[in-house]
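I opened my notebook today to look at a protein chain step by step. Here is what I was looking at.

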Amino acid sequence: MNTSAKKIFFLVAALVLIAIVDYTAADMADVGMCIRNCAQCKKMLGAYFEGPLCADACVKFKGKMIPDCENIESVAPFLNKLE
């Protein structure tokens with residue numbers, strides 16, 4: 001392999017690595033926002049809201065499902081009945 005081919009290879013490898021790191025950082029930001037929303041819903045809904053279950057879902061789905069405390073459909077999986 002000549003010098004210019006090595007330079008191109010390392011440039012492509014560096015760009016791929018940067019893209020992977022950037023994508024992972026974006027996922028972690030979504031997870032963080034999701035967990036903060038879970039905490040907010042727990043404050044608003046109190047004992048009716050399963051905060052740990054919500055946080056587990058944030059991690060499991062990588063922040064793709066962010067709960068909205070004012071939208072019953074988004075928090076329904078995390079609600080429980082107090083008896």
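**Serine 74 and its surroundings**

I began with contacts, meaning heavy atoms within 4.5 Å. Leaving out residues up to four places away in sequence, I found that serine 74 touches Ile66, Pro67 and Asp68. A polar atom of the serine 74 side chain lies 2.8 Å from the backbone nitrogen of aspartate 68.

I noted that this is a predicted model, where local features need pLDDT of at least 70 and side-chain atom pairs count only at pLDDT 80 or more, while totals for chains, interfaces and linings use all residues. Residues are numbered from 1 along each chain as its sequence is written, and side-chain values use heavy atoms, with hydrogens and water left out.

Next I looked up where serine 74 sits: it is in helix H3 (residues 72-75). Helices are DSSP runs of H or I with at least four residues, strands are runs of E with at least two, and both are numbered from the N terminus. Is serine 74 buried or exposed? Serine 74 is buried, because its relative accessible area is 17% and buried means under 20%, exposed over 50% and partly exposed in between (1.4 Å probe, protein chains only).

**The whole chain**

I counted three helices and zero strands in the protein chain. Buried residues make up 19% of its 83 residues.

In helix H2 (residues 51-60), I found Gly51, Cys54, Ala57 and Cys58 buried. They cover an arc of only 120° around the axis, so they are on the same side of H2; the arc is that of the directions from the helix axis to the C-beta atoms. On the other side of H2, I saw that Pro52, Asp56, Val59 and Lys60 are exposed. After H2 comes lysine 62, with a positive phi near 55°.

**Disulfides**

How many disulfides does the structure hold? I found three, a disulfide being a pair of cysteine sulfur atoms within 2.5 Å.

- Cysteine 34 is joined to cysteine 58, S to S 1.9 Å. The pair links cysteine 34 in helix H1 (residues 3-45) to cysteine 58 in helix H2, 24 residues apart.
- Cysteine 38 pairs with cysteine 54, with sulfur atoms 1.9 Å apart. The torsion about their S-S bond is about -70°, so this disulfide is left-handed.
- Cysteine 41 pairs with cysteine 69, with sulfur atoms 2.0 Å apart. Cysteine 41 is in helix H1 and cysteine 69 in the loop between H2 and H3, 28 residues apart.

Counting bonded cysteines along the chain, I wrote down the pattern 1-5, 2-4, 3-6.

Notes. Polar contact = N/O pair within 3.5 Å; in protein donor to acceptor, adjacent residues only side chain to side chain.
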